[in-house]
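Q: I've just opened this structure and I'd like to learn how to read it. Could you walk me through a few features, one at a time?

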Amino acid sequence: MIATAQDGETVDALCWRVLGKTAEMTEQALAANPGLAALGVQLPGGTRVDLTAAAAAAEKPAQRHTISLWD
């Protein structure tokens with residue numbers, strides 16, 4: 001999935017806008033797009049960002065650890 005950044009948008013904001021979450025998504029996006037961080041905190045408008053790996057990770061349900069007090 002390729003997303004296009006709006007002018008002045010951060011990678012974090014782009015992940016939120018496209019994927020609906022940011023936890024671990026920003027790191028995935030930066031890892032999948034070498035040189036993206038070199039563009040600065042605010043991306044130039046029209047920057048194409050590959051969110052394929054982040055989208056796949058976003059689809060996985062969060063793993064919850066439960067503790068039972070009565071076992």
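Q: Let's start with glutamate 24: is it buried or exposed?
A: Keep in mind that we're looking at a predicted model. The general idea is to check the relative accessible area: over 50% counts as exposed. Glutamate 24 has 59%, so it is exposed. You'll find glutamate 24 in the loop between α1 and α2.

Q: Now for threonine 26. Where is it, and is it buried or exposed?
A: Threonine 26 belongs to helix α2, which covers residues 25-32. For burial, the cut-off is under 20%. Threonine 26 has a relative accessibility of 14%, so it counts as buried.

Q: Which residues is threonine 26 in contact with, leaving aside its neighbours within four places in sequence?
A: Skipping those close neighbours lets you see contacts from further along the chain. Threonine 26 is then in contact with Val11, Asp12 and Cys15. With aspartate 12 there's a polar contact too, joining the two side chains at 2.9 Å. For a sense of spacing, take tryptophan 16: ten residues from threonine 26 along the chain, with 9.0 Å between their C-alpha atoms.

Q: How do the axes of α1 and α2 cross?
A: For a pair of helices, look at the distance between the axes and the angle. These two axes come within 9 Å and cross at roughly 110°. That angle makes α1 roughly perpendicular to α2.

Q: Which residues of α1 and α2 meet?
A: Val11, Asp12, Cys15 and Leu19 come from α1, and they meet Met25, Thr26, Ala29 and Leu30 of α2. Sorted by class, this contact has six nonpolar residues, one polar and one charged.

Q: Which residues of α2 are buried, and where do they lie around the helix?
A: To read this, picture looking down the helix axis. The buried residues of α2 are Met25, Thr26 and Ala29. They fall within an arc of 100°, so they line one face of α2. Turned away from that buried side is a face with the exposed residues Glu27 and Ala31. As for what covers the buried residues of α2, that includes α1 and α3 (52-59).

Q: And which residues of α1 are buried?
A: In α1 the buried residues are Val11, Leu14, Cys15 and Leu19. Their arc around the axis is only 100°, which puts them on the same side of α1. Their cover includes β1, α2, β2 (48-50) and α3.

Notes. Residues numbered from 1 in each chain as written. Predicted model: local features only at pLDDT ≥ 70, side-chain atom pairs only at ≥ 80, totals over all residues. Heavy atoms only, no water. Helix = DSSP H or I, 4+ residues; strand = E, 2+ residues; numbered from the N terminus. Buried < 20%, exposed > 50% of the residue type's maximum accessible area, 1.4 Å probe, protein only. Polar contact = N/O pair within 3.5 Å; in protein donor to acceptor, adjacent residues only side chain to side chain. Contact = heavy atoms within 4.5 Å. Axes fitted to C-alpha atoms, helices over the stretch in contact; angles between N-to-C directions. Parallel < 35°, antiparallel > 145°, perpendicular 65-115°, else oblique. Nonpolar A, V, L, I, M, F, W, Y, C, P; charged D, E, K, R; others polar. Arc of directions from axis to C-beta.
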